[in-house]
Amino acid sequence: MTITAGTYALDAAHTTIGFVARHAMITKVRGNFNEFEGTLTVGENIADSAATATVKTASIDTKNADRDAHVKGEDFFDVEKFPEMTFTATKFDVNEAGEGTVTGDLTIKGTTKSVDFKVDEAGVAEDPFGNTRLGFEAKTSINRLDFGIDFNAPLKTGGVLVSEEIKIELEVSAIKQ
């Protein structure tokens, strides 16, 4: 099935909005956001498509309650003051196979920066319930300092506790409306 024009809503039960950060410069910590919504409107020409997403920052889950509480606080996301982060696509450079780049404005803690997501895979399938689903994977990296997330602690062995580079990884399933 090829990607068809229309509006697709993110399926939260089958979508992962995740991230990876280095911890103590020796390991990777992975986390997800569990509450989000978004839409993708595919144009007749993919370049004419649009996408928006809103993520609840308090829904962060790194599988460690103490770390999650710290990351929700003022040192990182400050979820009381900034309860959401958003993404609005500004350009689609994606081929008919669904591979390419989606550029957009990412807003975290009131700061907006342009980011490029590399879309690695995309496809369309009809599920057993008759829904048309659009699926894709996308990745980007950001510098968290660019968004005012500047907490850190030096290590005795050199380096810092938390990497500046954060990898964002999306695994998306969206249902045609």
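Author: A residue counts as buried when its relative accessible area is under 20%, as exposed when that area is over 50%, and as partly exposed in between. The model discussed here is predicted.

Reader: Why is Arg 133 called buried?

Author: Its relative accessibility is 19%. The cut-off for buried is under 20%, so Arg 133 counts as buried.

Reader: Is Asp 11 buried or exposed?

Author: Asp 11 has a relative accessible area of 12%. With the limit at under 20%, Asp 11 is therefore buried.

Reader: How do you know that Arg 133 and Asp 127 form a salt bridge?

Author: Their side chains meet at 2.9 Å, N to O, and the limit is within 4 Å. Both Arg 133 and Asp 127 are buried. Asp 11, Asp 127 and Arg 133 are linked in a network of salt bridges.

Reader: How many salt bridges does the rule give?

Author: The count comes to five. One of them joins the side chains of Lys 56 and Glu 84, at 2.6 Å from N to O. Lys 56 is in strand β5 and Glu 84 in strand β7, so this pair ties together parts that are 28 residues apart in sequence.

Reader: Why is Lys 56 called partly exposed?

Author: Its relative accessible area is 36%.

Reader: Which residues gather in a patch of positive charge on the surface?

Author: They are Arg 22, Lys 28, Lys 139 and Lys 167. Lys 139 lies in strand β10. At 43% relative accessibility, Lys 139 counts as partly exposed.

Reader: Which residues touch the most other members of the largest nonpolar core?

Author: This core has 41 residues, and those touching the most other members are Phe 33, Phe 77, Phe 92, Leu 106, Ile 108 and Ile 142. Strands that each supply at least two residues of the core include β2 (16–23), β7 (84–94) and β10. The largest share, six residues, comes from β11.

Key:
Residues are numbered from 1 along each chain as its sequence is written. This is a predicted model: local features need pLDDT of at least 70, side-chain atom pairs count only at pLDDT 80 or more; totals for chains, interfaces and linings use all residues. Side-chain values use heavy atoms; hydrogens and water are left out. Patches are made of residues with over 30% relative accessible area and no salt bridge: like charges are joined within 9 Å, nonpolar side chains (Val, Leu, Ile, Met, Phe, Trp, Tyr) within 5 Å. Accessible areas come from the Shrake-Rupley method with a 1.4 Å probe; for residues, only the protein chains shown count as cover. Lys and Arg count as positive and Asp and Glu as negative; His and the chain ends are not counted. The place of a charge is taken as NZ of Lys, CZ of Arg, CG of Asp or CD of Glu. Helices (H or I, at least four residues) and strands (E, at least two) are DSSP runs, numbered from the N terminus. Buried means under 20% relative accessible area, exposed over 50%, partly exposed in between (1.4 Å probe, protein chains only). A nonpolar core is a set of buried Ala, Val, Leu, Ile, Met, Phe, Trp, Tyr and Cys residues joined through side-chain atoms within 4.5 Å.
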